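Hello,

Please have a look at the model first and then read on.

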Amino acid sequence: MADYDPDDKWQNEWMGTVDRVGETLREQHLSNPWPHIPVLPEAMKYMATELWDRGFSQTEIRDAFEAAIRELPPYAAGYETRP
């Protein structure tokens, strides 16, 4: 049995939260009664304002979003959406 690392619990908690947010947004995207108001852009705007309200700077938020976009192509391996 591997040694317990409390940092794993910390990381697993926020990763689980992000996973649930992604799942919820996908469900809402598929059942959106207002197609003229796409879920993802609205959610991303709301996420940015929530992060700002909780003390992250505009620079931190912008850098995080831009880093995520830069890292997506290698993760996606050339696919536009998950096959």
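**What turned up**

E80 is exposed, with a relative accessible area of 77%; "exposed" here means over 50%, "buried" under 20% and "partly exposed" in between, using a 1.4 Å probe and protein chains only. This residue sits in the segment after α3. Helices in these notes are DSSP runs (H or I, at least four residues), strands are runs of E with at least two, and both are numbered from the N terminus. Between the C-alpha atoms of E80 and L30, which are 50 residues apart along the chain, the separation is 17 Å.

Before you go further, please keep in mind that this is a predicted model, in which local features need pLDDT of at least 70 and side-chain atom pairs count only at pLDDT 80 or more, while totals for chains, interfaces and linings use all residues. Residues are numbered from 1 along each chain as its sequence is written, and side-chain values use heavy atoms, with hydrogens and water left out.

A77 also belongs to the segment after α3. Its phi is positive, about 50°, although A77 is not a glycine. Most residues other than glycine have a negative phi. A77 is exposed as well, at 58% relative accessible area.

The largest pocket has a volume of about 1,800 Å³. Of its 33 lining residues, V18, G22, M44, A68 and L72 are the closest to the centre. The most comes from α3, with 11 residues. By type, the lining divides into 22 nonpolar, four polar and seven charged residues.

A word on the terms: on a 1 Å grid over the protein atoms alone, a pocket is an open set of points where a 1.4 Å probe fits, with protein on both sides within 12 Å along at least five of seven lines, and lining residues have an atom within 4 Å of a point. The volume is the space filled by probe spheres set on the points, which are joined across faces, edges and corners. Ala, Val, Leu, Ile, Met, Phe, Trp, Tyr, Cys and Pro count as nonpolar, Asp, Glu, Lys and Arg as charged, and the others, Gly among them, as polar.

**The surface**

W10, W14, M15 and V18 make a nonpolar surface patch of about 470 Å². Such a patch joins nonpolar side chains (Val, Leu, Ile, Met, Phe, Trp, Tyr) within 5 Å, from residues with over 30% relative accessible area and no salt bridge; areas come from the Shrake-Rupley method with a 1.4 Å probe. W14 lies in helix α1 and is partly exposed, at 43% relative accessibility.

**Salt bridges**

The count comes to three salt bridges, each a side-chain nitrogen of Lys or Arg within 4 Å of a carboxyl oxygen of Asp or Glu.

- E13 and K9 meet at 2.4 Å, N to O. Both lie in helix α1, four residues apart, about one turn of the helix. E13 is partly exposed at 44%, and K9 is partly exposed at 46%.
- E42 and K45 meet at 2.9 Å, N to O. They are three residues apart in helix α2, about one turn, and E42 is partly exposed at 38%.
- E50 and R54 meet at 2.6 Å, N to O. R54 counts as exposed, at 60% relative accessibility.

Best wishes

Methods
Patches are made of residues with over 30% relative accessible area and no salt bridge: like charges are joined within 9 Å, nonpolar side chains (Val, Leu, Ile, Met, Phe, Trp, Tyr) within 5 Å.
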